[in-house]
Amino acid sequence: MEAGIVGLPNVGKSTLFNALTKAGALAANYPFATIEPNVGVVPIPDPRLEIIRSHIESQKIIPAMLRLVDIAGIVKGASEGAGLGNKFLSHIRETDATLQVVRCFLKAPGGEDITHVDGSVDPIRDIETINTELVLADLEVVSGALGKAERAAKSGEKESVIRFEVLKKLQPVLDAGKVARTVHFDDADHQKVLKGLNLITSKKVLYVMNVDEDDVNGENELCMKVRAHAEKEGAEWVPICAKIESELSELADADRLEMLQSLGMAEPALNRLARSAYKLLGLQSFYTAGPKEIRAWTVPIGSTAPQAAGVIHTDFERGFIRAEIYSVADLEKFKNEKAIKEGGKMRIEGKDYIMHDADVCHFLFNV
């Protein structure tokens, strides 16, 4: 699972990235502090891994991972080369989703002003600025490919015709300033072509509202506007105080817990961010457990057992025979796999089985 972080300069993108990835010193308070894209891999907090380990002895735990790509702050005219320009947008075309960091705080924690590129704090204007630049970048891709696709479609070859149809439907939508995710195709062939274009505005969006330290739940007027905007377009949202997350990331476990309690927070924001990203992308976790490792794996909701096996290794999917499956809840109840079998809860599933969240699996295969 991979997400690209976008936003205007000075909205707290790099502070958030550094906090989530424990990447070290915070970015300076100037536009374009991030000259090259930063990439970090963040473990997804998952209490079920510890539940499994409490019943199955293992050398290590490996959580599922979220890969984050942080690019330079986007400004008006980026698609035409302003600021660091369109160049760095290519780094987030391959991601699964976009995390758009939106400034919902007025001043820095010490009370000093943090310069806003547009002179005032207005999260909806900021969202529209970012979306406009991303739409223009996608329009450049689509317009550049349209002529060639039209010529190829004259051959009558099915794939060429479908590609041209997709591009022809996208071009006027993007030209009108609308995002590509508002364009829908019913059949799988057109959907496959759309996905292959890697348009930034076709990806799902999670709005990350960077809030003040005294508003960790994002209840101020600015946040309410972002919430309403997100709900209107079917996007997810999550409030995060990047400053607090930065401080938490530097603390030992005991000190982190004490700080969370003092702030009235049940958990760090990464947990909320991870759950929101999972929900956004329609993902779920399954587990493998043995003496060497207990590991969480990520699959789309609706995946079959062979497809889940293929996440571990392509040979597992190719040579899939069957899977032995039980749930984490079964393990909590029966305490070990022997008792799960004796209790009739160890299921033997075939190629048509649809995976459930929190399945624990042993895959049998032959190649």
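This is a predicted model: local features need pLDDT of at least 70, side-chain atom pairs count only at pLDDT 80 or more; totals for chains, interfaces and linings use all residues.

Biologist: Where is Thr304 found, and which residues is it in contact with, leaving aside its neighbours within four places in sequence?

Modeller: Thr304 lies in the loop between strand S9 (294-300) and helix H10 (305-312). Leaving aside neighbours within four places in sequence, the contacts of Thr304 are Lys351, Tyr353, Ile354 and Met355.

Biologist: Which residues does Phe320 touch, not counting residues up to four places away in sequence?

Modeller: Phe320 belongs to strand S10 (residues 320-327) and is buried, with a relative accessible area of 6%. Ala305 stands 15 residues from Phe320 along the chain, and their C-alpha atoms are separated by 8.6 Å. Not counting residues up to four places away in sequence, Phe320 touches Ala305, Pro306, Ala309, Glu349, Gly350, Lys351, Phe363, Leu364 and Phe365.

Biologist: What share of the contacts in the protein chain with a separation of 6 or more comes from residues 24 or more positions apart?

Modeller: The secondary structure of the protein chain comes to 13 helices and 12 strands. Of its 367 residues, 50% count as buried. Among contacts with a separation of 6 or more, the share from residues 24 or more positions apart is 69%.

Biologist: How many disulfides does the count come to?

Modeller: Cys104 is buried, with a relative accessible area of 0%, and Cys223 is also buried, at 0%. The closest cysteine sulfur to that of Cys104 is in Cys223, at 4.0 Å, and the closest to that of Cys223 is in Cys104. A disulfide requires sulfur atoms within 2.5 Å, so the 4.0 Å between these two is too far for a bond. The count of disulfides is therefore zero.

Biologist: Which buried residues does helix H5 have, and which helix is included in what covers them?

Modeller: The buried residues of H5 (residues 188-196) are His190, Val193 and Leu194. Seen down the axis of H5, these buried residues fall within an arc of 100°, so they line one face of the helix. On the other side of H5, Ala188, Lys192, Lys195 and Gly196 are exposed. The cover over the buried residues of H5 includes helix H4 (158-175).

Biologist: Why do the buried residues of H8 line one face of the helix, and which helix is included in their cover?

Modeller: In H8 (residues 253-263), the buried residues include Arg256, Met259 and Leu260. Viewed down the axis of H8, its buried residues fall within an arc of 100°, so they line one face of the helix. An α-helix has 3.6 residues a turn, so residues three or four places apart point the same way. Ala254, Glu258, Gln261 and Ser262 are exposed on the other side of H8, while the cover over its buried residues includes helix H7 (242-249).

Biologist: What are the phi values of Asn198 and Lys335?

Modeller: Asn198 has its place in the loop between H5 and strand S6 (204-210). Lys335 is in the loop between helix H12 (328-334) and helix H13 (337-342), and is partly exposed, with a relative accessible area of 45%. Neither residue is a glycine, yet both have a positive phi. The value for Asn198 is about 55°, and that for Lys335 is near 80°.

How values were computed: Residues are numbered from 1 along each chain as its sequence is written. Side-chain values use heavy atoms; hydrogens and water are left out. Buried means under 20% relative accessible area, exposed over 50%, partly exposed in between (1.4 Å probe, protein chains only). Helices (H or I, at least four residues) and strands (E, at least two) are DSSP runs, numbered from the N terminus. The arc is that of the directions from the helix axis to the C-beta atoms. Contact means heavy atoms within 4.5 Å.
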